[in-house]
Amino acid sequence: MTLLDGDTIAAVATAPGRGGIGIVRLSGPAARQIGELTAGRELQPRQAHFSNFLDHDDDVVDSGIALYFPAPNSFTGEDVVELQGHGGPVVMDLLLQACLGRGARPARPGEFSERAFLNGKLDLAQAEAIADLINSSTEQAARNAGHSLQGAFSRKIHELVEAVTRLRVYVEAAIDFPEEEIDFLADGHVTEQLQALSRQLQDVLAQARQGSLLQEGMKLVIAGKPNAGKSSLLNALSGQDSAIVTAIEGTTRDVLREHIQIDGMPLHIVDTAGLRDSGDEVEREGIRRAWQELASADRVLLVVDASTDDTSAPPATLSRGEEFQFNPATPVTIIHNKCDLVAQPPQVANHDGNTVIRLSATTGEGLELLRQHLKDAMGYRDEAGSTFSARRRHLLALQQAAGHLDAGLAQLQATGAGELLAEDLRYCQNALGEITGVVTSDELLGEIFSSFCIGK
Ligand code: GDP
């Protein structure tokens, strides 16, 4: 972990543009001194001082409120000063220049949050929640990020880490007393604990997946044969003519993306080129990309033309040979489109565990059934939920942790010995530690904080 270099940073903390108030924030050992020189007066801790703000030549550039938060009781854990002036880009720049002229240096993106993390004011998951809160595109996503910022997600991770640690101590104690090891490990207690821990981890993983889907949006891929009505369905769901709809097969040559919301639930919709063999090179490229998209989908909408295709059997489109990259675990919703042509009413049914929805992309009949189904499939509730936000990075770490637990259990059952189990528990603990930042590399920190905005 890098140590703070001890310098004082400054940045405009409010959004660029014009507004009633704009804030320049300072953090570091010289923050108070620079703040006092700029405000032209002494600053008392946590008191609002109305003052003029002076540039480096002591000319008044603005006036407003100066606040001083002494370390460690500040956002970053260092001395922090906020100069709240008038929110115009030029005046904010003048105020920032006044601070830089007195010895501060411009903050890098996310550097305030990074300092807060390095000084133990927040863990990594909480720091990430700040960026997610700012970037939230829906109300629910913002609420979840708020919960994560308050520590809801981190607490779950700490509980898991504590449970893993307890078990590790027990197993290591067994290893230290080899004559009793067999009894220690064979009494079923460890197996039970491992299984309970695995369930607990899967539960957190499910919640995190939910939070991540709401934060980053579910990726929905629309697939199916040419002319089934994929582009029409994309347009109907997104409410705009973004995909070219024609009656000529193979029109959708590229992959189209749309970001939409269904009652506040974010969705990334991808319309894929018709999945068929083609002699046309451009179209073949489109088809190749379609299979790539399918591989990373959270859900596939498989569109079938009910007016021409047999709808009594499951569609064969997804059971292709060598090109087949579709993850069999990805859930599929089958759409029987063009129900207006076969004069059948919209309907939701279940075939072999897949939801089948009959609708018409052109008339809009049955679209509401699809919207409701997508909300249900994500477990999305319109009212405020109590979930937390999470990132794909966290999901990956949780999956790794679960993998180590399973491996540990398998080792114990195969050998009845504790050494390898103890090792797996340590890996599991490390994977969990990556989420909150107990175990992190400088590269990971750089990657996370550089995606923040400046002043955060
Ligand atoms: P894609 O190749 O799968 O993207 O199919 P398109 O969305 O381009 O649609 C192919 C043709 O079917 C177009 O002429 C559409 O107008 C028509 N179409 C699509 N959905 C429906 C529907 O629900 N009802 C009817 N009657 N026609 C549809």
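**Helix packing and salt bridges in a predicted model**

The axes of helix 6 (residues 152–176) and helix 13 (residues 419–436) come within 9 Å and cross at roughly 160°. This angle makes helix 6 roughly antiparallel to helix 13. The contact of helix 6 with helix 13 brings together 14 nonpolar, five polar and four charged residues, and the crossing is left-handed. The structure is a predicted model, in which local features need pLDDT of at least 70 and side-chain atom pairs count only at pLDDT 80 or more, while totals for chains, interfaces and linings use all residues. Residues are numbered from 1 along each chain as its sequence is written, and side-chain values use heavy atoms, with hydrogens and water left out.

Helices (H or I, at least four residues) and strands (E, at least two) are DSSP runs, numbered from the N terminus. Axes are lines fitted to C-alpha atoms, for helices over the stretch in contact, and angles run from 0 to 180 degrees between N-to-C directions. Angles under 35 degrees count as roughly parallel, over 145 as roughly antiparallel, 65 to 115 as roughly perpendicular and the rest as oblique. A crossing is left-handed if the near helix is turned anticlockwise from the far one by less than a right angle, and right-handed if clockwise. Ala, Val, Leu, Ile, Met, Phe, Trp, Tyr, Cys and Pro count as nonpolar, Asp, Glu, Lys and Arg as charged, and the others, Gly among them, as polar.

Another helix pair can be described in the same terms. Helix 8 (residues 189–216) and helix 12 (residues 392–415) have axes that come within 9 Å and cross at roughly 165°. Helix 8 is therefore roughly antiparallel to helix 12. Their crossing is left-handed, and the contact residues divide into 15 nonpolar, seven polar and four charged.

Helix 9 (residues 230–238) is mostly covered, with nine of its nine residues buried (under 20% relative accessible area; exposed is over 50% and partly exposed in between, with a 1.4 Å probe and protein chains only). Among these buried residues are K230, N235 and S238. Helix 9 is followed by G239, whose phi is positive, near 75°.

Salt bridges come next. The structure holds 19 of them (a side-chain nitrogen of Lys or Arg within 4 Å of a carboxyl oxygen of Asp or Glu). In one, the side chains of R32 and E36 meet at 3.1 Å, N to O. R32 and E36 are four residues apart in helix 1 (residues 31–39), so about one helical turn separates them. R32 is partly exposed, at 27% relative accessible area.

R115 forms a salt bridge with E78, the closest N and O atoms being 3.0 Å apart. R115 lies in helix 3 (residues 111–118) and E78 in the loop between strand 4 (60–69) and strand 5 (80–87), so this pair ties together parts that are 37 residues apart in sequence. R115 is buried at 2% relative accessible area, and E78 is buried at 9%. E111 forms a salt bridge with R105, with the closest N and O atoms 2.6 Å apart. Here E111 is buried, at 3% relative accessibility, whereas R105 is partly exposed, at 22%. A network of salt bridges links D7, E78, R105, R108, E111, E114 and R115.
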